[in-house]
Amino acid sequence: MPPLSSPPSGLPRLCFVSYRHIRELAMPVVAEYAQRARIEVVDATFGDALAVAQDRVERGMADAFVSAGSNAATLRAGLQAPVATIHLGGFDLLQALIRARRVADRVGVVMYGQTIPELDDVKDLLNIGISQHAYRTPDDARRRFETLRKEGYEVIVGSSLVVELAEQAGLRGLLAYSLASIRKGFDDALELARVARLEAGRYEQLHSVLHNLQEAVVAVDREDRIIAINPPMRQLLGKPDALLRRQTLGDLEPALSLRATLASGRQERAIALRFGQRDWVVDRTLIREHGDIVGAALTLHDASAIQAADASLRILQRRQQHTARHTFASLAGRSQAMRTAVATAHRYARTDLGVLITGESGVGKELFAQAIHNESRRAGRPFVAVNCASFPESLLESELFGYEEGAFTGSRRGGKCGLFEAAHTGTLFLDEIGDMPMPLQTRLLRVLQEREIMRLGATAPLPIDVRVIAATHQPLESLIEQGRFRRDLYYRLNILRLALPALRERRDDIPALILPMADRCLKRLGSSLDAATALGPWMDALRSYHWPGNVRELENLAERIAVTLAQYADARDIPLDALVHDCPELFNAGGAGPAAGRPLEQRVRAALAQAGGRRAEAARLLGVSRSTLWRWLAELDPGSAQAHPHHGFLQGQAGRGAAINGNE
């Protein structure tokens, strides 16, 4: 199927491999993206989808592919090219079930891959009967569908294939995908295509520079006859140019012959060769005109020069790209929880064992990883950090392990060094390890066991010396039970475990953390306010806040507070309710202004006294609901506040001789 329109040349080329129903749903999105990419839409499924995609790859017609469900899984497994997946989100499925509920109280769900346990909760919420099934092949999908049909289900929610089966049987089929998920898939595909093109363009520039260096180069035609040769190669062959031109290279020097390259159409790079009593690294490349092979070229690189250049590049990369900036001196805080974590990290830094850092998001896991690295024997060596949740699976694999030239369509000429190689002799920090896809978990386990990596498309492993520090905010033990994380990998990573405290567990550290942040922001805004003086009335409120975002949230709030307070020239001019509007989270837990900075028990006592014991009025004064006030009372005096409102903590809160009368 041709593209919908003829966008300007030079745009990325996407191939949307779909099935009829999802294709029909996606056409508005395809039209939206027509000015951003050349999009070919192809209807195919399973084996046909893979054959179509392989044809596009071989003919160089696509920079990236985008598909959904079974098609996406098939392409990712069998195609060496970037593939973006249109993911089925929980919200998409919820919307489909809501639509289904309007026409039936029993709904069948048939999806590719696996069932979703969380749907058991949704069916109670929607008051709907749900029967889930998953499939792997078209025949499997038909069997699952037939089971539902025989059980009397008249509405089926699922993939495009399942919807078609429902329609053929005269039932109601609802597609589970949404336009939002399709747009996200196309955005991912555009990014994959952009990266592939960028890598190819960068290598073209590098190739132009290398081509002018004094390497030994010879070019031949389709018959292996010499058509061009440079002085270094003539010197190696020991004959003048006139005697070499049009001679068959393989007859002159069988070791240099390009006949096999011309016959196979496959290029070879970085092949070791002993020739002329010297060691060389050989490139055998094809020469093309208008897509046709018209010859080949042989380049001999001096092995000793490459080794020296490789060492220089590694040193340069370590200095400029992969360094750890933070040390233990960077870690602020003197609370007991913080001192325990830092002491543990100090001990771990003296070893070379792997470390698993756990803790909520925003507690500073990478800062601790850098500090451990900088106090270890690997200090000064590369520190390479990668967030396992920030890359699509195909990109994460190539980023971690690198790839050889030709490993997939769009791969950079000459291949690419992976992050494991970049971290050689140093530390690799794997953040959000709990989000690493299962196939990559298997590869990572092998790396940790064998201490060697295999680039994508390579045939020989490469030894590495890397210390791995992993981090996660997820409960890996639960993921193991759910089958989402390998147990053997967990034990490999969890040699040394460092649990970092949440900010609410180290409240005494909050002033030491927030004051320097706020002070820097105030100065940046041109304010002469002293941060400690300006924030003083709210420091207790800052300590009392539960900080769900931990230090990262504290940094954001420090910036916001500074922006609010910077409008005042003198701290004495700052009103008591200055932060109520811009920082409501500090006051939603009870009260506003300086009163909110007082301990909770004191604030509740004062409000009850002012309200004459009337809980509704006290809640109004505190700025909370009555149910929140009851919860606080229960926390402050368990066992008496809710069961006996006239006893315990409540007794006497209305002031001298005042009894709480229970008025609401």
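Residues are numbered from 1 along each chain as its sequence is written. In this predicted model, local features need pLDDT of at least 70 and side-chain atom pairs count only at pLDDT 80 or more, while totals for chains, interfaces and linings use all residues; side-chain values use heavy atoms, with hydrogens and water left out.

A pair of aromatic rings is described by the distance of the centres and the angle of the planes. Rings of Phe, Tyr and Trp (its six-membered ring) pair if their centres lie within 6.5 Å; planes under 30 degrees apart count as stacked, over 60 as edge-to-face and the rest as tilted. Seven aromatic pairs are present in the structure. In one of them, the ring centres of Phe16 and Phe186 are 5.3 Å apart and the planes stand at 65°, so the pair is edge-to-face. Phe16 belongs to strand E1 (residues 13-18) and Phe186 to helix H8 (residues 179-211), so that distant parts of the chain, 170 residues apart, are linked. Helices (H or I, at least four residues) and strands (E, at least two) are DSSP runs, numbered from the N terminus. Phe16 is buried, with a relative accessible area of 1%, and Phe186 is buried at 0%. Buried means under 20% relative accessible area, exposed over 50%, and partly exposed in between (1.4 Å probe, protein chains only). Ring pairs also bring Tyr33 into a cluster with Phe16 and Phe186.

A stacked pair is formed by Phe401 and Phe420, with 5.6 Å from centre to centre and 15° between the planes. Both Phe401 and Phe420 are buried. The ring of Phe401 also has the charged end of Arg443 over it, 4.0 Å from the ring centre. The charged end of Arg106 likewise sits over the ring of Tyr153, 4.0 Å from its centre. For such a placement, NZ of Lys or CZ of Arg is within 6 Å of the ring centre and within 35 degrees of the ring normal.

Four strands form an open sheet with parallel pairing, in the order E6-E5-E7-E8. Two strands pair if DSSP finds at least two bridges between them. Strands E6 (129-135) and E8 (172-175) stand at the edges, each with a single partner strand, so one side of each is left without a neighbour in the sheet. Within the sheet, three bridges join the parallel strands E5 (residues 106-112) and E7 (residues 155-158). Gly108 stands opposite Ile156 in E7.
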